[in-house]
Amino acid sequence: MNQRPRRVYRTLFFSFFYLSAFTFGGGYVMLPLMQKKFVDQLAWLDEREMLDYAAIAQSAPGAVAVDASILVGYRVAGIPGAALAVLGTVLPPLLILSVVSACYSAFRDNPVVSAVLRGMQAGVAAVICDVVLTLGRDVAARRDLLSLGLMAAAFLVTYFGGLNPVWSLLACGAVGAIRALLARRKGGARP
């Protein structure tokens, strides 16, 4: 095995390890950081690919961060890359939760820890808003009225209508699948 794949594997593993270890709030918070790392810094993906992977990761069952790491890892380095990316993603929370669970009684009643966690909720909310605005801006830039309408409708029926997000996701996925099939049938470009 030559040096380039080893360097790619190492970079892939440690990039996901770092992102997972220092990201608080889950996969939705990791998505913009993954974009900065793999699109802007390393240039392994283009912005459209990352947007597609983010959408697939959110639609697939399981944790968004793990789903996205599988997709990015596979795209960059095949099956070994997917395995290393997943390992890099799940290892930090596993280690952190092991330490926290061993010291749970000390953390549970500590007012400082409780205050820090409440403060982090605001930061997590801000990062999630950034993801929504970034992804929404990309869709708006394409002036795709169907996608914009679906985003607005999904938000309205889920947030104000109380519809379970699973149903909203399934409906949007069905519309997207029908659209892709129609585009393929017409021989058109990717929607």
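## Burial and the overall fold

A residue is called buried when its relative accessible area is under 20%, exposed when that area is over 50%, and partly exposed in between. Phe38, at 0% relative accessibility, therefore counts as buried. The model discussed here is a predicted one.

The protein has eight helices and zero strands, and its pattern along the sequence reads α-α-α-α-α-α-α-α. The C-alpha trace spans about 60 × 55 × 25 Å along its principal axes. Of the 191 residues in the protein, 26% are buried. Among contacts with a separation of 6 or more, 54% are between residues 24 or more positions apart.

## The nonpolar core

In soluble globular proteins, nonpolar side chains tend to be buried together. The largest nonpolar core of this model has 21 residues. Those with the most contacts inside this core are Phe16, Leu31, Met34, Phe38, Leu45, Met50 and Val72. Two or more residues come from each of helix H1 (3–21), H2, helix H3 (47–59) and helix H4 (64–102). H4 gives the most, with six residues.

Apart from its neighbours within four places in sequence, Phe38 is in contact with Leu12, Ser15, Phe16, Leu19, Ala43, Trp44, Leu45 and Val72.

## Aromatic pairs

A pair of aromatic rings is described by the distance of the centres and the angle of the planes. The structure holds eight aromatic pairs. In the pair formed by Phe38 and Trp44, the ring centres are 6.0 Å apart and the planes meet at 25°, which is under the 30 degrees required, so the pair is stacked. The two partners fall into separate burial classes: Phe38 is buried, at 0% relative accessibility, while Trp44 is partly exposed, because its value is 22%.

Elsewhere in the chain, Phe13, Phe14 and Phe17 are linked into a cluster by ring pairs.

Lys36 is found in helix H2, which covers residues 27–41. With a relative accessible area of 43%, Lys36 is partly exposed. The C-alpha atoms of Lys36 and Glu47 are 9.7 Å apart in space, and the two residues are eleven apart in sequence.

Ala43 belongs to the loop between H2 and H3. The phi of Ala43 is positive, about 55°, although this residue is not a glycine. Ala43 is exposed, with a relative accessible area of 55%.

## The H6 and H7 pair

Two packed helices are described by the angle between their axes and the distance between the axes. For helix H6 (residues 111–141) and helix H7 (residues 145–160), the axes come within 8 Å and cross at roughly 145°. The crossing of H6 with H7 is left-handed. H6 contributes Gly136, Val139 and Ala140 to the contact, and H7 contributes Ser147, Leu148 and Met151. By type, the residues of this contact are four nonpolar, two polar and no charged.

Arg143 sits in the loop between H6 and H7. Its phi is near 55°, a positive value in a residue other than glycine. Arg143 is exposed, because its relative accessibility is 72%.

Ser20 lies in helix H1 and is buried, with a relative accessible area of 9%. Beyond its neighbours within four places in sequence, Ser20 is in contact with Met30, Gly88, Thr89, Pro92 and Pro93. Ser20 and Leu33 are 13 residues apart in sequence, and their C-alpha atoms are 9.9 Å apart in space.

Asp67 is placed in helix H4. The relative accessible area of Asp67 is 12%, so this residue is buried. Residues up to four places away in sequence not counted, Asp67 touches Ala57, Ala60, Pro61 and Gly62.

How values were computed
Residues numbered from 1 in each chain as written. Predicted model: local features only at pLDDT ≥ 70, side-chain atom pairs only at ≥ 80, totals over all residues. Heavy atoms only, no water. Phe/Tyr/Trp six-rings, centres within 6.5 Å; stacked < 30°, edge-to-face > 60°. Buried < 20%, exposed > 50% of the residue type's maximum accessible area, 1.4 Å probe, protein only. Axes fitted to C-alpha atoms, helices over the stretch in contact; angles between N-to-C directions. Helix = DSSP H or I, 4+ residues; strand = E, 2+ residues; numbered from the N terminus. Left-handed = near helix turned anticlockwise from the far one by under 90°. Contact = heavy atoms within 4.5 Å. Nonpolar A, V, L, I, M, F, W, Y, C, P; charged D, E, K, R; others polar. Core = buried A, V, L, I, M, F, W, Y, C linked by side-chain atoms within 4.5 Å.
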